[in-house]
Every structure is written in C-alpha cells, then in structure tokens.
Amino acid sequence: MKKMILAVAVAIMSTTFAHAQKVEVLFFKAELSCCAARACNALEADVKDVVSAKYTDGSVVFKTIMLSDEANADLIKKYNAKNQTVVAVGKSKNEDLSGIVAGYSRNKNKSVLENGMTEKINKVIK
C-alpha cells in the first residue's frame, strides 16, 4: 500500500513539474558610453523589477544577454536582437516585449510597462 501511494505521489509530482514551464525574459544589451549606459541600465533594472515583482514563484526568470559576447551569437541571430531587445522565451512559444519596453522608455508609465509585460509573459506561460 505504501509503495502504491508513493508511486501515485511521484506520478503527480512529475506531471506537475512537466507542466510547470519556466519562462526566461531575455534583455539584450550593448556596451554603451557612460550616459547611454546609465539610461540602459535604468531601463534594464525596471524590466527586471517587473519580472521579480510579478513572478515571485520563480516561474519567470530575467537574464541579461550581452550583444558583445560571442557566446550569445546564436541567441542574437535567433531573435534578431539589437540593444534593448526584450523577449519572453518559453518552451513552445515566444513573445517580443521590445515595443512595450521602448514605449516605457519614452513615456515612463510604469503601469503600462507592468500590464503589457505581464499580459505577454502570461501568453508564453500558457
């Protein structure tokens, strides 16, 4: 009986883990001069803050991808990335968040950034 209960528990847990998909939010970043770098760093921090605040369960992780690092060449090519390209990458679906982030860079409306990013990231999670 104990073995059967253990087997059922393992089956349920493995099914749960199989469906719990981890999404990565990739922020592509270039080496910039001092003033431009400060603005880019602030934008990166705001995007990272949204991910950290909205997805506290670890289902979504934030990663900075440096354009100058040759190890990232495949990712850069795959997403046609340039400075401040932001992509939510899931197992079977991706969403480009760059337009939302660019809009935030111009208007500084944090709620629009949060709502737009959350909506697109949730599409990738489903």
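This report describes the strand pairing and helix packing of a predicted model.

## Basis of the description

The model is predicted: local features need pLDDT of at least 70, side-chain atom pairs count only at pLDDT 80 or more, and totals for chains, interfaces and linings use all residues. Residues are numbered from 1 along each chain as its sequence is written, and side-chain values use heavy atoms, with hydrogens and water left out.

## The sheet

Four strands form an open sheet in the order S2-S1-S3-S4, with mixed pairing. Strands (E, at least two residues) and helices (H or I, at least four) are DSSP runs numbered from the N terminus, and two strands pair if DSSP finds at least two bridges between them. S2 and strand S4 (94–96) are at the edges with a single partner strand each, so one side of each has no neighbour in the sheet. Direction ignored, neighbouring strands are turned by 20° against each other on average.

Seven bridges link strand S1 (residues 23–29) to strand S2 (residues 60–66) in the parallel sense; Val-23 has Val-60 as its bridge partner in S2. Strand S3 (residues 86–89) and S4 run antiparallel and are joined by three bridges. In S4, Glu-95 stands opposite Ala-88.

## Helices on the sheet

H2 packs on the sheet and touches S1, S2 and S3, its direction making about 175° with that of S1. Contact means heavy atoms within 4.5 Å; axes are lines fitted to C-alpha atoms, for helices over the stretch in contact, and angles run from 0 to 180 degrees between N-to-C directions. Together, S1, helix H2 (residues 34–54) and S2 make a right-handed β-α-β unit (with the strands pointing away from the viewer, the path from the first strand over the helix to the second runs clockwise).

Helix H5 (residues 110–125) lies across S1, S2, S3 and S4, at about 165° to S4.

## Helix-helix packing

H2 and helix H4 (residues 98–107) pack at about 120°, with their axes 11 Å apart. H2 is therefore oblique to H4, given that angles under 35 degrees count as roughly parallel, over 145 as roughly antiparallel, 65 to 115 as roughly perpendicular and the rest as oblique. Leu-43, Asp-46 and Val-47 in H2 meet Val-101, Tyr-104 and Ser-105 in H4.

The axes of H4 and H5 come within 9 Å and cross at roughly 175°, which means that H4 is roughly antiparallel to H5. Ile-100, Val-101 and Tyr-104 in H4 meet residues of H5 including Leu-113, Gly-116 and Met-117.
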